[in-house]
Amino acid sequence: ASLGLNLVVASVQEAIDTGLVRELPDGTRNRIQTPVLLAAVEKYRFDALFGGARRDEEKARAKERMFSFRDEFGQWDPKNQRPELWALYNGRHHPGESIRVFPLSNWTELDVWHYIAKENIPLPGIYYAHDREVVERNGMFYAVNEFIRLRDGETSEVRRVRYRTVGDASQTAAVLSDADTVEKVIDEVAATRITERGATRGDDKVSEAAMEDRKREGYF
């Protein structure tokens, strides 16, 4: 309200309650976000949707350009990319089709943190090192919470961690870290050789083409 903007919320829980989607047995909601998003695009007839994805996140992201064309079903065809020579963008589309726009596509995680430092942008403490109860699964540290319960044979421990990205609590892991300031995070990111999604997103490890498969279905 302070910015004079209209906030439109497409609720996964509401979609579950109305029967649009069905919650998976394991409680993860990442995959069922897609039909909720597509329903909102159709309802409000959005021509373009802005996202914060970057090419360095994941190899499927690297196949996209600034403007990512989606057909009338919200689907993406990586072979149907429009050229963007000399920073010229083609946003032409037919009714029902839409464009996903990624202004930070050419930024890296390090670029983002340098910008945060330059502009002195306040962030939630979850992005900085803090002590948290976690359980290790498949080499990643998941916070123990209402979405992540200990399985038979598992034990939790308190480790010093931070989150490089924040998403579905059942799929997003933390990384071991002592970086509790912007400067320390910048040093840490500059030295790492694995992207934040590769290091923390369990849903990307389902298969080699997990992200690309979801994007073909309409995932942001």
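Helices, of at least four residues, and strands, of at least two, are DSSP runs numbered from the N terminus. In this predicted model, the chain holds six helices and seven strands, and their order from the N terminus is α-α-β-β-β-α-β-β-β-β-α-α-α.

Of the 220 residues in the chain, 38% are buried. Among contacts between residues at least 6 apart in sequence, 61% join residues at least 24 apart.

Strand E3 (residues 98-101) has two neighbours among the strands described here. Strand E1 (residues 48-50) pairs with E3 in the parallel sense over three bridges, with Leu-49 opposite Arg-100. Strand E2 (residues 67-70) pairs with E3 in the antiparallel sense over four bridges, and here Phe-67 stands opposite Val-101. In a regular strand, side chains alternate between the two faces of the sheet. In E3, Ser-98 and Arg-100 point one way, Ile-99 and Val-101 point the other way, and all are buried.

Helix H4 (residues 182-191) presents another arrangement. Its buried residues include Val-182, Val-185, Ile-186 and Val-189. These four lie on the same side of H4 because they cover an arc of only 100° around the axis. An α-helix has 3.6 residues a turn, so residues three or four places apart point the same way. The buried residues of H4 pack against helix H3 (109-119) and strand E6 (157-162). On the face turned away from this buried side, H4 carries the exposed residues Glu-183, Asp-187 and Ala-191.

Technical notes:
Residues numbered from 1 in each chain as written. Predicted model: local features only at pLDDT ≥ 70, side-chain atom pairs only at ≥ 80, totals over all residues. Heavy atoms only, no water. Buried < 20%, exposed > 50% of the residue type's maximum accessible area, 1.4 Å probe, protein only. Contact = heavy atoms within 4.5 Å. Arc of directions from axis to C-beta. Pairing = 2+ DSSP bridges.
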